[in-house]
Amino acid sequence: MRLRVEFTTEPFDLEEAPRHAVVAREVVQSAELDAVDVGPFGNTAEGEADGVLTAVDALLRKSLAAGATRVSLQVNVLGEGGEA
């Protein structure tokens with residue numbers, strides 16, 4: 001099964017990426033995922049279910065430990081062709 005996760009961490013800082021946001025991005029960029037897209041207001045990652053779920057666990061634990069007060073995420077099951 002393939003999954004796509006979309007996530008943001010808060011609080012926001014428009015001047016500089018907060019530590020929790022940097023940590024969350026590092027987690028998904030270093031995970032065993034097929035596609036990762038990071039942006040200033042949202043991030044997405046795709047891959048096999050085990051890789052995505054492992055990354056989500058690390059993302060939550062590490063970003064909260066780094067000061068996130070809220071993590072919003074959505075996980076979608078992808079069909080053939082990458083469609084949710």
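**Stop one: a serine in a helix**

Start by selecting Ser63, which sits in helix 2; helices here are DSSP runs of H or I with at least four residues, strands are E runs of at least two, and both are numbered from the N terminus. Before you zoom in: this is a predicted model, where local features need pLDDT of at least 70 and side-chain atom pairs count only at pLDDT 80 or more, while totals for chains, interfaces and linings use all residues. Residues are numbered from 1 along each chain as its sequence is written, and side-chain values use heavy atoms, with hydrogens and water left out.

Is Ser63 buried or exposed? Its relative accessible area is 0%, so Ser63 is buried (buried means under 20%, exposed over 50%, partly exposed in between, with a 1.4 Å probe and protein chains only). Show its surroundings: leaving aside neighbours within four places in sequence, Ser63 is in contact with Thr9, His20, Val23, Ala24, Ala58, Ala68 and Val71, where contact means heavy atoms within 4.5 Å. Its side chain also reaches the backbone oxygen of Leu59 at 2.6 Å. That is a polar contact: a pair of N or O atoms within 3.5 Å, where within protein one must be able to donate a hydrogen and the other to accept it, and residues adjacent in sequence count only if both atoms are side-chain atoms.

**Stop two: the helix pair**

Now select helix 1 (19-30) together with helix 2 (residues 49-65). Two packed helices are described by the angle between their axes and the distance between the axes. Here the axes come within 9 Å and cross at roughly 160°, which means helix 1 runs roughly antiparallel to helix 2. For the bookkeeping, axes are lines fitted to C-alpha atoms, for helices over the stretch in contact, and angles run from 0 to 180 degrees between N-to-C directions; under 35 degrees counts as roughly parallel, over 145 as roughly antiparallel, 65 to 115 as roughly perpendicular and the rest as oblique.

Which residues of helix 1 meet helix 2? Pick His20, Val23, Ala24 and Val27 in helix 1, and you'll find them meeting Ala55, Ala58, Leu59, Lys62 and Ser63 in helix 2. The residues of this contact divide into 6 nonpolar, 2 polar and 1 charged (Ala, Val, Leu, Ile, Met, Phe, Trp, Tyr, Cys and Pro count as nonpolar, Asp, Glu, Lys and Arg as charged, and the others, Gly among them, as polar).

Jump to Asn43 in strand 3 (residues 43-48). At 6% relative accessibility, Asn43 is buried. Its side chain makes a polar contact with the side chain of Arg25 at 3.5 Å. Not counting residues up to four places away, Asn43 touches Val5, Glu6, Phe7, Arg25, Asp37 and Val38.

Click over to Val38 in strand 2 (residues 35-38). Val38 counts as partly exposed, at 32% relative accessibility. Besides Asn43, Val38 is in contact with Arg25 and Gln29, again leaving aside neighbours within four places.

**Stop four: strand 1 and what follows**

Select Arg4 in strand 1. Arg4 is buried at 18% relative accessibility, and a 2.9 Å polar contact joins its side chain to that of Glu46.

Last, go to Pro11, in the loop between strand 1 (2-10) and helix 1. What is the peptide bond from Glu10 to Pro11, cis or trans? Check omega: the value is near 10°, and the bond is cis.
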